[in-house]
Amino acid sequence: MSDSQHTRWHRANAGGDRGPMIGKFTGLQVIVLGMSLGAGFLLFVLLSGSQVGFVISLTVASAIPILTTMTLLTLVRGKPKGYFAQWLEWWRLKKQGLALIEREPSRSKIAIVKDGFISHGLLVLEGKGGKGTASCLLEICCPAMESSSVDGLNQMEDRLRGLIRQMPRNWTVQFSWRKGGGHSEHLRRFHAETEEKAKSAWSRRQRNERVVRSMREDEEGLITSAFVRLCLKAPINLQQLARGPKSGYEKALQGISRNFEASVAEVERVMTQLGGRARLLSEDEIFEEVSHYLQPGGSEVPSWNRKQSLFDNILSSEMVPIDEQQVGFHLGGRYHTSLALTQLPESTASGIITHLTTLPERGFQLTTQLETLDPLIEIERAETMKAKLERARQSSRHSRLDYDIRILEDRIQRLTSGSVSPVRVQLLAHVSGDTQDELKSRVKALVGAVSGMKSAKFYEVALPTTSRNLFLAGLPGSPYREPAFWHLVDDPTAVNLIPVSGDSNASLKEAEALYRSRQGNLIGVSGFHRAGDRKSPSHAFITGRTGSGKSVHGIDLVTQLDPFSDWLVTIDNGRSFETCMQVLSGGKCRTFAPDVNGVDTLNYLDTLGLPLTSLQVSRIVAIVHLMVGHRSDEDLDSYRKAIINRCIQQFYRDWTEQWLEQNPEQEEAVFEHLTRLRLFRSDLGGVGDLAELLSAYRAQGPVEGGQAKALDDDQFAREHDHTRRDGRSPEFMALAVAHLDRASSPTHRDLHEWMLAQATQSDRDQDEIAMLATLLEPWRADSGMMGCLFDGANTIDLSADYVHIELGLIENADATVKSLVSHIITSQILGETIRRPTSQRKHVLIEELGAFINIQGGKKIIQDLYERARKYNCLVITVIQQISRLPEDLARTVVGNSGQAFFFMQREPGDVALLQKLFELPDSIVALLRDFKRPDADHGASFICWELLENGVQITPAVNMASPEMLYVADSHGSFAEARKKALAKYPDPMSGVLAEVSKMIKAKARQEEEEPTSSEIPQ
């Protein structure tokens, strides 16, 4: 297939506005030269008539054309528009010893941009004659252009063309792109949080390894930040606004701000379609942006005094020319110069601007300014030019004229058909450095890079005044329009000169985990995202094909999030997380591996110290229903569930009453407990589920907040009497169950014997109860085939900070057994999340979700986790290989309740299509997802980070560069996992074992590389 079917090329020089060239002179310069010759001839005639002599007359008269020619050759020929005037200004400033811009612009006679202010979310700057601009600034985050597919780049071009066409014709659209580092502040905060909060030596080591590596790469320039700002500039008349009353001034600014709303909404829509996002900058952020432009490389943003003008706040020094050589200027302790695109590429394509944005250099900013034009006017202008050239062709058959006529005909046809729109574009580069050598090096790199853009050329500014003017033209929201270096092009060419791939450091401000984006910068991931004044769990979803790096990412994620977690439980299926949990907990992780031949018991009747709520009853009913089996007839099955529900509630009441009779001292304790809970509920407004109320009460402590009243307190006494009069109410009995400990909680055997007794009593449901008793008998420890797995005191204790549950041992068990184990475990996990205070952060990770949902009722379990866990401040992370295996309703639940997702290499068409549909991924991201390579230790594992933020969705291509220790811990291949387990058993603690074994592997690999023969040593 030919390249033309992949890439659309556009002619960049169609309709150039420089006019015809005669030699190296423009038409205007030829006219000036001709006028000087005429003036010289006239002077010669006048002098000859005055009898001063032929030689003297010729010498004096010839001085005019000679001086004009020298001026054109030295200052004007090949120079930009207005260069001669700027040279005169520079000559005057040099003679008078003046600065290019004085520190107080309001008193400066030469400052082009006078001053401005920020108000109503707008940047307002004053220009000449009381004119000015009002601008709104947006932060643009978009996937990396350099890693996008051709289709993705073409999609980006189409979206940007539509965006530009929507802008009013009297506005200027200004895109600013800059590259920088500056991650040290965020890395120091990350390190400080590690030292303060990390309770695990493993987590501390891995987080600090990430910080040290990132700091080193930041210093070496390997980590960068690409910032894109979009400025929409509208002209305003400040003089006219200032004449009116203050209230009118305020209303005018409010009106201008409203005028931007539709355009801002369009920008946000387009960026979302491209897989990025856009957001308006706040007034403080606008101040920071202007400050950064005027003082690049500054250590910190100056404080903002709103009573002073904008430049008075920011400018800390005058702008003075460089003394050693007349190139650029000195400002804010740094050297500056400007470049301008003076020759467009011969042809452009989507992504051509990456020649500049992929440079390793820092300290430069690209500014692309666009102005939309009226197509009708441009068609008329092109037709007029075409007519002139056709007349000229009648007297001259120069081949260049034929070419120019064809270009104009092509342009007229495209403008008439509406396939393109006319745009005027200007591309500027502002370069700065701490030293002149650094400045020269960066300029050289930019000039070399732009030459790779199909013979494009940068104009290297020599005059400080020209450099100053270009610098001010690139200022965000600048009212100054540098007349030179503008190019009349079609909109495809213009948008291809826009650098839009940028990111934001916003994710690093509260980052709990760090990763690298494919653009080369750091991105932050948080388990809990801010929602108003508090943080809420942001459930996560990890997917990718086998060997894509998803399990390593899951282990790395929980390791980095560990300092912010009070409780972590992993549900595993293949021991992928066993070693990770051991090193995280320092060998103190409680591991449970339920097995029909094992010693662990899952007592589904133990409420784990929680009241018997309707939610608890429904879960127990579901478990018993699984044990006895479903009836084929739907009505009869519903009848069976109703009988089970009634029996379970009556069983608990009988059991609790018996326990109270055997322990009479407990009755008063329950009454007192219920009284305190009712008083606490009253303090909260009189609402609250009993289990949630108990959890919140325990979190408050016994005396805080006034809810724990003394026994002689009047309010407590009145409420206690009221509770006593209610007797053993349903609420009392439900709370009494919470007082049952492991030894006193009922077991499966107790339930079976109770049902046997109920079956002998006269009851309308006697036959069904007898049937249930018969079906429950095989699950007893003394008469069934399941051992003690479901019968006996609960041995699963989830109260530890680290809990690992391995389901691999029941993988080949009966489907009902697997379903029961999963139901009981997840029920107890949810119970533990409720039992723990909501102030604690809980993390639950489920490995191989696809296998989990295959069990009977597994789908309902996952739905409960995703829908209910957030309420109890619990973060749920699930890992799945094939998302297409998820039922549609479960997929909607997972996606609808997930705040972030991580997509690793995925090439299965069905999975890719479903991901694109569920997460609304743009085509460019989908193409990138398909092109991901298999991970390795040198390049890491590529993935897509999808985040649902307050102001929209953000999609970032990223890389997980795991440490050698992390890769060692995460390797779950069978033979390696067994060898690792044996090796680590020799050490006093898991972490020291991991470090020692990894050190051995690294040394062995180094010796192997040293022993490999070189090419000269290979035998012939």
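Modeller: The following account treats the cavities and then turns to one strand. The model is a predicted one. In it, the count comes to seven cavities of 30 Å³ or more.

The largest cavity has a volume of about 100 Å³. Its lining consists of 13 residues, and Y604, D606, Q616, S827 and Q828 are those nearest the centre. Two helices, helix 20 (614-628) and helix 28 (815-835), each contribute at least two residues to this lining. By class, the lining of the largest cavity comprises six nonpolar, five polar and two charged residues.

The second largest cavity, with a volume of about 80 Å³, is likewise lined by 13 residues. Nearest its centre lie C141, G502, D503, Q954 and T956. Strand 30 (residues 952-960) provides the largest share of this lining, namely four residues. Six nonpolar, six polar and one charged residues make up the lining of the second largest cavity.

Strand 23 (residues 567-572) may be considered next. This strand is mostly covered, with six of its six residues buried. W567, V569 and I571 point one way from strand 23, whereas L568, T570 and D572 point the other way, and all are buried. Strand 23 runs parallel to strand 26 (residues 842-846), to which five bridges join it; within this pairing, T570 stands opposite L845. Strand 23 also pairs with strand 25 (residues 802-806), in the parallel sense and over five bridges. There, D572 of strand 23 stands opposite E806 in strand 25.

Key. Residues are numbered from 1 along each chain as its sequence is written. This is a predicted model: local features need pLDDT of at least 70, side-chain atom pairs count only at pLDDT 80 or more; totals for chains, interfaces and linings use all residues. Side-chain values use heavy atoms; hydrogens and water are left out. On a 1 Å grid over the protein atoms alone, a cavity is a set of points where a 1.4 Å probe fits but cannot get out, and a pocket is an open set with protein on both sides within 12 Å along at least five of seven lines; lining residues have an atom within 4 Å of a point. Grid points are joined across faces, edges and corners, and a volume is the space filled by probe spheres set on the points. Ala, Val, Leu, Ile, Met, Phe, Trp, Tyr, Cys and Pro count as nonpolar, Asp, Glu, Lys and Arg as charged, and the others, Gly among them, as polar. Buried means under 20% relative accessible area, exposed over 50%, partly exposed in between (1.4 Å probe, protein chains only). Two strands pair if DSSP finds at least two bridges between them.
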